[in-house]
Amino acid sequence: MPDAVVIGAGPNGLVAANVLADAGWSVQVFEEQPEPGGAVRHDRGVDGDFVNDLFSSFYPLAAASPVLSALHLERHGLRWSHAPSVLAHPLSDGRCAVLNRDVDATAASLEAFAPGDGAAWRRLVDLWHTVGHDILDALFTPFPPVKATARLAWRLRGSGGLRTARSLILPVRRLGEEEFHGEGGRLLLAGNALHADLAPESAGSGGFGWLMSMLGQTYGFPVPAGGAGSLTGALVRRLESLGGRVRCGRRVDRVVVRGGRAVGVRTSDGETVAARRAVLADVAVPVLYRELVGPEHVPGQLLADLRRFQWDFATFKVDWALDRAVPWRAEAARRAGTVHLADGVDELTRFAAQIAMRQVPDRPFALFGQMTTADAARSPLGTEAAWAYTHVPHDIRADAGEEGITGDWGPAAQERMADRVERQVERFAPGFRSRIRARRILAPPTMEELDGNLLGGAINGGTAAIHQQLFFRPVPGTGRPETPVPGLYLASAGAHPGGGVHGAPGANAARAALRGRRTPGLAGAQGVLARRDRTGHRR
């Protein structure tokens with residue numbers, strides 16, 4: 001009997017297992033898919049000579065994460081690789097904003113858009129140097145991050161105080177307008193905000209866009225050498241070196257609750273595995289409570305709150321094997337690992353508005369990855385392993401384009417949407433389509449099939465909007481990894497601080513489990529939800 005069972009071998013589940021193993025616990029990790037990694041995997045499925053990441057590719061949050069750095073994964077084979085430039089945002093007229101780890105290069109790029117914008121960027125970087133460390137501490141530690149928040153408040157007093165706090169909660173459109181005269185700096189901030197489901201007019205999108213931009217400025221957008229799965233491989237090897245075990249192809253369909261406590265799991269083939277101390281779930285929040293635990297063990301208030309749970313946007317992705325490099329009109333884009341494709345902030349707003357109206361965008365904002373540019377081992381010399389993803393509504397009511405995409409995501413709809421994404425690339429790289437050797441389409445249902453946590457193609461475990469963050473994540477009053485079921489801990493991106501590959505939800509859940517064995521009964525969320533329940537459900 002292991003001390004702990006972890007459901008899900010995504011990055012959060014594997015981080016949780018490693019933290020527990022470091023404390024001397026025996027751990028078994030159960031994974032539904034035939035290989036570990038969740039949304040951190042690669043394969044050669046597009047072309048045998050090309051390595052393509054299945055889902056995520058660039059990992060600024062991983063590079064900045066104190067959780068992952070503490071695991072010393074470089075000792076287990078992980079090596080990071082960088083493109084010459086972090087990010088480029090070209091416009092159709094040939095201008096291009098560039099984010100580079102050299103702040104002088106970034107500033108020069110923005111100065112070309114408007115005099116004074118290079119200095120404006122340096123001011124944002126100076127602010128990051130003042131408060132960035134404390135922001136990361138507050139982000140990656142369990143909620144509430146009392147010490148980190150106190151340090152951050154003290155530093156903010158010397159960096160503009162309330163005025164700085166105001167800037168960070170601004171919509172990114174407004175923040176860009178206040179900080180920059182030209183379009184370049186505004187593009188970097190707004191494009192980075194849309195790495196999450198934050199429209200340019202969303203409250204807090206300014207702070208998120210600034211955070212992602214500063215991570216890129218400081219740490220870059222690195223990729224694991226050899227493919228995304230190299231990060232997973234390092235986590236697995238480290239765990240196995242400590243005696244942990246990862247069991248793939250084993251779907252957990254029930255958390256076993258006995259005497260009001262989680263005591264193990266049951267797999268889809270009928271095996272019951274007892275856990276001596278804890279069960280940790282790297283599982284989508286609605287699935288965990290409604291299906292794996294079951295309504296009979298969940299307070300009625302939590303079930304009611306789950307009806308208001310909001311997913312982040314659905315995702316549509318295309319992978320390519322390209323015979324030659326991408327023919328960007330803007331030369332600077334050829335050196336960037338990540339390229340943002342939208343012809344200005346207004347086009348970003350238009351894209352987000354169409355999704356809000358449940359329309360398939362006609363000019364989809366695309367995040368484009370040049371993987372061979374970032375890691376030369378991904379494809380033969382002179383070629384490019386590439387991908388682009390965009391977002392679509394979960395519940396499609398109309399197509400803003402002319403192809404009549406309805407959201408059934410059959411083969412014909414997938415091909416039409418992939419063609420639309422390629423046309424968007426062609427706007428900034430004429431001749432792109434002539435260089436395609438092979439492509440693969442990952443529509444929202446395909447993503448969910450390959451990783452059950454990506455429900456409907458949502459890749460961040462729930463919206464990043466402010467109404468579902470901090471103590472509102474995943475539902476009001478549950479900002480910690482403890483759940484209403486003693487012995488069960490939430491370790492997925494549905495928990496604070498949310499999506500991205502940084503390991504914090506997994507580490508927080510593991511530390512809560514370790515504390516829980518020392519001080520049983522102190523799970524704050526359990527008490528809050530039990531007190532709020534008015535339906536007669538009991539723990």
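The model is a predicted one.

**Overall dimensions**
- The radius of gyration of the protein is 23 Å, which agrees with the value near 24 Å that a compact globule of 539 residues would have.
- The C-alpha trace extends over about 65 × 55 × 50 Å when taken along its principal axes.

**Secondary structure and contacts**
- The protein contains 19 helices and 21 strands.
- Among contacts in the protein with a separation of 6 or more, 72% join residues 24 or more positions apart.

**Burial and surface**
- Buried residues make up 60% of the 539 in the protein.
- Carbon and sulfur atoms contribute 51% of the accessible surface, which totals about 20100 Å².

**Glutamine 468**
- Glutamine 468 sits in the loop that runs between helix H17 (444-450) and strand S21 (488-490).
- The relative accessible area of glutamine 468 is 3%, and buried means under 20%, so this residue counts as buried.
- Its side chain comes to 3.0 Å from the backbone nitrogen of glutamine 310.
- Neighbours within four places in sequence aside, glutamine 468 is in contact with Arg308, Phe309 and Gln310, and also with Gly462, Thr463, Arg473 and Pro474.

Notes: Residues numbered from 1 in each chain as written. Predicted model: local features only at pLDDT ≥ 70, side-chain atom pairs only at ≥ 80, totals over all residues. Heavy atoms only, no water. Helix = DSSP H or I, 4+ residues; strand = E, 2+ residues; numbered from the N terminus. Rg over C-alpha atoms; globule rule 2.2 N^0.38 Å. Buried < 20%, exposed > 50% of the residue type's maximum accessible area, 1.4 Å probe, protein only. Contact = heavy atoms within 4.5 Å. Areas by Shrake-Rupley, 256 points an atom, 1.4 Å probe, with all protein chains shown as cover. Polar contact = N/O pair within 3.5 Å; in protein donor to acceptor, adjacent residues only side chain to side chain.
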